[in-house]
Amino acid sequence: IRIGDTVKLEKAGEVIPAVVDVVLARRTGKEVSFRFPAQCPECGSKVSRAPGVVEGDEGVVWRCVNPDCPAQVRGRLEHWCARGAMDIEGGGEVLVRQLVQTGLVRDVAELYSLKLSDVAGLERMGEKSARNFLDGVEASKQRDMWRVLYGLGILHVGSGVAKALGRGFATLDDIFAASVDQLTECEDVGEVIAQSVVRWYDQEENKKLIKDLRKAGLNFKSARSEEH
C-alpha cells in the first residue's frame, strides 16, 4: 500500500475497517511508498517490529526499544492514570509531561511519593488542582487488581485480558508466579499473551516496579477471583 492509493475496505468485526486490496488500476504514478522510521523520533534509539498477537503472525507496529525513552515514560504514566486503568483525575498529557521533564516521576510507582509542594509548584497547577490530583492518586490504591495489571501496559494485555486473569488468579503475585501454561488456562489468554506477561516480569526493572507498588500500598488482590 502506498500513500495516495485507492483501496478496498470491508468491515472487520463490528466496527473496524480492514484493507483487503489495493486498486492497482487506479494508480497514477504519483503514489509514494511509505518508509517506516529506523530510529525513534524522540530519543534516537533503534525501532523494531513487534510480533503479532496470533503466533506466527507478523506484527504491524514498530516500537522504540529504549524503555527509558521519555515518550515511553510519558505514555506509561498517561496510560496508568487513564479512566479505563487507575482512573486518576488530572493525570493527563500536560501534567505528565511536566512531571517527567522536571524529573519528579520516572515510573508509575513514583506517583505515590509525590508531595503537594511538588505538584503545586508546576506550571498552571495551583494548590487546589494539585490536591485533587494527589487525592486521585491516593484513591487509586484501592482499585481492583485487574486495573493495576492493565495499567502496567504489558504488551497485549488489554482490559479484557486483565479481567480474565483477575478471574483466574487471586492476586497479582500469583499471576507473575505462574507459568505460560498456567496463564493460558485462563479464558482469552493465548500463548503469545502469556509469554508477554512472563517476559515482562522477567525484567529486573519490572520486578522492582512491582515491589515499589506493593510498598506504596496498592491493592494486589482480585475481587473478581473471590466472586467466582
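This is a predicted model: local features need pLDDT of at least 70, side-chain atom pairs count only at pLDDT 80 or more; totals for chains, interfaces and linings use all residues.
Residues are numbered from 1 along each chain as its sequence is written, and side-chain values use heavy atoms, with hydrogens and water left out.

The largest nonpolar core holds 53 residues. By nonpolar core I mean a set of buried Ala, Val, Leu, Ile, Met, Phe, Trp, Tyr and Cys residues joined through side-chain atoms within 4.5 Å. Buried stands for under 20% relative accessible area, exposed for over 50%, and partly exposed for what lies in between, with a 1.4 Å probe and protein chains only. Trp-80, Leu-111, Tyr-112, Phe-133, Leu-149 and Leu-213 have the most contacts inside this core. Among the helices that each supply at least two residues of the core are H1 (70-81), H4 (126-139) and H10 (204-216). The largest share, five residues, comes from H5. Helices here are DSSP runs (H or I, at least four residues), as are strands (E, at least two), numbered from the N terminus.

Tyr-112 deserves a separate word. Leaving aside residues up to four places away in sequence, Tyr-112 touches Trp-80, Met-86, Ile-88, Val-137, Ser-140, Lys-141, Leu-213, Ala-216 and Leu-218. Contact here means heavy atoms within 4.5 Å.

I turn to the charged pairs. The structure holds eight salt bridges, each being a side-chain nitrogen of Lys or Arg within 4 Å of a carboxyl oxygen of Asp or Glu. In one of them, the side chains of Arg-74 and Glu-42 meet at 3.2 Å, N to O. This pair links distant parts of the chain, 32 residues apart: Arg-74 is in helix H1, and Glu-42 is in the loop between strand E4 (32-33) and strand E5 (47-51). Arg-74 is buried, at 11% relative accessible area, whereas Glu-42 is partly exposed, at 38%.

A second bridge joins Glu-110 to Arg-106, with the closest N and O atoms 2.8 Å apart. Here Glu-110 counts as buried at 17%, and Arg-106 as exposed at 59%. In a third, the closest N and O atoms of Glu-204 and Lys-207 are 3.8 Å apart. These two residues are separated by about one helical turn, because they stand three residues apart in helix H10.

What of the cysteines? A disulfide is a covalent bond between the sulfur atoms of two cysteines. With the cut-off of sulfur atoms within 2.5 Å, a search of the whole structure finds zero disulfides. The sulfur of Cys-43 has its closest cysteine sulfur in Cys-64, at 3.7 Å, which is too far for a bond. For Cys-81, the closest is in Cys-69, at 18 Å, also too far. Cys-81 is buried, at 5%.

Finally, two loop residues other than glycine have positive phi values. Phi of Asp-87 is near 55 degrees, and Asp-87 lies in the loop between H1 and H2. Phi of Asp-188 is near 75 degrees, and Asp-188 lies in the loop between helix H8 (180-183) and H9. Asp-87 counts as partly exposed at 33%, while Asp-188 is exposed at 52%.
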